[in-house]
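Thank you for letting me talk through this structure today.

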Amino acid sequence: MTVAPHLPGFEDEELLPGEALADEPAFWLAHLLLVPGHDVEEPEAYGVAREAYDAMTERLFAAEAPTLLLRVPFRNGHTACVVYQNFEDESDTDFLVHHPAWGRLGFLGQFGPHGSGPGLSWPELVTLAHSEGEPGAEGLRDRAQRFLLLLPALGDTDTPLEEARRTVAETLSAVGFRPDVVVDFAAQLLGEPGHQPRWFVTPDSPIPVCSSAYSPRQVPLALGITEEQARTLAEALSGR
């Protein structure tokens, strides 16, 4: 397996590309439910064999498991990253944004003992799923996989519920879940958006911020980048 480039803040880690896992429904079951802290007592109910699910959780969360990096390249050279990192007594899953010109990371959130989020609004999630990265950029290209990888970072009270449930169900079908489970699974994943935070732009930055006190995006994403870099990132997030 090829070693992935280092990210700022992970210089001491050997990050291994994990995009090949996206071909396995067991990965998506763990990523969409176990990462956000939901129990999965019967993976068979989602059409995933118990043996496959248990083997996947070992690959993702065992203390000795390698640090995995999954990437979603998007406009203007940006990459959304998900990093699975394990320690002796805990596991963290980080949702990040990287650009090689920054020298820092933008934080979308983290799932783990000291979790934070949300990190994406609904329009941003849809834009990133459909965005075109730079030619040759490493990472996921399939739109359904891109969407589901970043879905746990979603939190937006203005999420259009009917559209969102339809979109999530379609992407679940596309990655291999049975047609008879995707509608209920989509509803489970989305919950009730009306209880989620709001997103807005302030005079200080073109990058939207989040109303949640638990979101790293209470301040503009990648705070400290130049004004031009912030405008470029805002355009990439909005699809402009």
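**Charges on the surface and inside**

Let me begin with Glu-41, which is found in the loop between α1 (25-34) and α2 (50-61); helices here are DSSP runs of H or I with at least four residues, strands are runs of E with at least two, and both are numbered from the N terminus. Please keep in mind that this is a predicted model, in which local features need pLDDT of at least 70 and side-chain atom pairs count only at pLDDT 80 or more, while totals for chains, interfaces and linings use all residues. Residues are numbered from 1 along each chain as its sequence is written, and side-chain values use heavy atoms, with hydrogens and water left out.

Is Glu-41 buried or exposed? Glu-41 is exposed, with a relative accessible area of 64%, where exposed means over 50%, buried under 20% and partly exposed in between, using a 1.4 Å probe and protein chains only. Glu-41 also belongs to a surface patch of negative charge, together with Asp-39, Glu-42, Glu-44 and Glu-51; such a patch joins like charges within 9 Å, from residues with over 30% relative accessible area and no salt bridge.

Helix α1 gives another picture, since 8 of its 10 residues are buried, so α1 is largely enclosed by the rest of the structure. Among those buried residues are Phe-27, Trp-28 and His-31.

Now to the pairs of charges. Side chains of opposite charge can pair when their charged atoms come close. How many salt bridges does the structure hold? There are 7 of them, each being a side-chain nitrogen of Lys or Arg within 4 Å of a carboxyl oxygen of Asp or Glu.

One of these joins Arg-71 to Glu-19, with the closest N and O atoms 2.9 Å apart. Because Arg-71 lies in strand β2 (residues 67-74) and Glu-19 in the loop between β1 (15-17) and α1, this pair ties together parts that are 52 residues apart in sequence. Arg-71 is buried at 7% relative accessibility, and Glu-19 is buried too, at 15%.

Another salt bridge is formed by Glu-124 and Arg-217, at 2.7 Å from N to O. Here Glu-124 sits in helix α3 (residues 122-130) and Arg-217 in the loop between β7 (205-210) and α7 (227-238), so that the pair links distant parts of the chain, 93 residues apart. Glu-124 is buried, with a relative accessible area of 4%, and Arg-217 is buried at 0%.

Definitions and conventions. Patch = residues over 30% accessible without salt bridge, like charges linked within 9 Å, V, L, I, M, F, W, Y side chains within 5 Å. Areas by Shrake-Rupley, 256 points an atom, 1.4 Å probe, with all protein chains shown as cover. Lys, Arg positive; Asp, Glu negative; His and termini not counted. Charge placed at Lys NZ, Arg CZ, Asp CG, Glu CD.
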